[in-house]
Amino acid sequence: MAVKLGEMLIKAGLLTPQKLQEALEYQKTNGGKLGLNLVKLGLVKEEDITRVLSQQYGVPAINLIKVEVDDAVVKLIPSEVAQKYLIMPVSRTGATLTIAMVDPTNVFAMDDIKFMTGYNVEPVVASEVAIKEAIDRYYGSIHALELKKVMDEMAQEENEQNLELLEDEQEVDLAKLEAATEEAPVVRLVNLILTDSIKRGASDIHIEPYEKDFRVRFRIDGVLYEIMQPPMKLRDAITSRLKIMAKLDISEKRLPQDGRIKIKMKLQGKNREMDYRVSVLPTLFGEKIVLRLLDKENLMLDMTRLGFEQESLDKFEKAIFKPYGMVLVTGPTGSGKTNTLYSSISKVNSPETNIITAEDPVEFNLHGINQVQMKEQIGLNFAAALRSFLRQDPNITLVGEIRDFETAEIAVKAALTGHLVLSTLHTNDAPSTINRLMNMGIEPYLVATSVHLICAQRLVRRLCKDCKEEVNMPSQALIDIGYGTDEASKVKLFKGKGCPTCNNTGYKGRVGLYEVMEMTDAMREMILT
């Protein structure tokens, strides 16, 4: 079919042999069908493919976006069959069922559907992209289908078993609870939630109990989306299953707990090791669980790809290659400070350097770096760790966060006695970091001499590559927000339209915005005065 389609498009003058070769090369690397790749690469329009297929097979073409399919027609063909043959039921007239297909010559598919439904089958042609979008729209994505299947099974089992709910005031029967967590539907649902979060590119999973419902939300590119509402009766079993996986105490429901889940899974033919940081919080109607995904594969340690402008990157690299002094990264929670710090220590990590980090918690294990996990309850805090680090002959010390005067004081002393200290602070921009250190009680002359560079950062969502399109904006609107007159007339603006790749949001992935403030002599003078 692939080569055939390529030949048809060349014959119709819509594609050159060179462009076809380019698409086939892309297909070898990225997989997928040829038609889909041709559209993705922008070599051929979707409607052109449909038109060519329609002429070739003498079958009418259909624009699925403009067609509203009746629910009763959708139910005639199971989702697995629609996915398997890449078909979409369109309408039924009498004893004839019309189906949209990419390849109307596929007699196996037509025979199968005829046998399954008992109707005569009439094919129409639609592009692969359109059929996939229609399947997602009417049946839900493949993963959503799996989730639905598990949820349906659970609902059925609940009806059969009529589970008795334990109230919070009653004593919890641990044996019963542990047995419930091992039941197949609970295990499968929890596994599906964990794998679905990776497929959707989520950074956090929120599992939240309320008075009358129980919901699961994913944070994708910084925004929370509701994914599903499991049955209320399974609240305790799901919560306990996650707590058992994170090696937490399932009998303790009154206090917050923290743990970690490590799992191995096969995703898209690849073996992946996943790490989830688990936080359990007792709320009014049960325990809310938040899992932070720590995906090593998504940890970007290449500083050139984080979003720095070249000039800022040069200043940052100059500062981290100095033998002593302090480099501070600031910004709100979840702005990617840890990623920036990990990238900088990976950059300077070599057999000649001794790097020690104090973190709460240690998010990723990095080879060749000595990482220490803070334990406040036994007195191991940032200040205590930093004190002992100075007796460990370090070249570079990373302190997870400067929270108090004691930590700040030791960090400044370390920076002035020949160590490079990297750390983070919660301030809104680079200049206010100086004030924060002084307000903590550090003398201005110590701040001026120890700090070499401050980098403030934020994360913003990237436009989806697959559906971004140019939009026109009046020049005046750009001038009003600070563009120069010449710049405003030349700048091109884009907006994400929304497509299956980005869950119809128009955004996919994030990029950092950085404000890098280098400590110059003039700046030091200003701090001192």
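**View 1. Glycine after helix α17.** In this predicted model, G441 has a positive phi of about 115°. The residue sits just after α17.

**View 2. Buried face of helix α17.** Helix α17 spans residues 431-439. Its residues T433, I434 and L437 are buried, which here means under 20% relative accessible area. Viewed down the axis of α17, the buried residues fall within an arc of 105°, so they line one face of the helix.

**View 3. The seven-stranded sheet.** An open sheet of 7 strands is arranged in the order β12-β11-β13-β14-β10-β15-β18. The pairing is mixed. At the edges stand β12 (370-373) and β18 (507-518); each has a single partner strand, so one side of each lacks a neighbour in the sheet. From one strand to the next, the twist averages 20°.

**View 4. Pairing of β10 with β15.** Strands β10 (residues 325-330) and β15 (residues 451-463) run parallel and are joined by 5 bridges. Opposite V329 stands C455, a residue of β15. Strands of a sheet pair through backbone hydrogen bonds, either parallel or antiparallel.

**View 5. Helices α14 and α15 on the sheet.** Helix α14 (residues 337-348) lies across β10, β11 (355-359), β12, β13 (396-399), β14 (420-425), β15 and β18. The helix α14 runs at about 170° to β14. Helix α15 (residues 382-389) also packs on the sheet, where it touches β11, β12 and β13. The direction of α15 makes about 165° with that of β11.

Technical notes
Residues are numbered from 1 along each chain as its sequence is written. This is a predicted model: local features need pLDDT of at least 70, side-chain atom pairs count only at pLDDT 80 or more; totals for chains, interfaces and linings use all residues. Side-chain values use heavy atoms; hydrogens and water are left out. Buried means under 20% relative accessible area, exposed over 50%, partly exposed in between (1.4 Å probe, protein chains only). Helices (H or I, at least four residues) and strands (E, at least two) are DSSP runs, numbered from the N terminus. The arc is that of the directions from the helix axis to the C-beta atoms. Two strands pair if DSSP finds at least two bridges between them. Axes are lines fitted to C-alpha atoms, for helices over the stretch in contact, and angles run from 0 to 180 degrees between N-to-C directions. Contact means heavy atoms within 4.5 Å.
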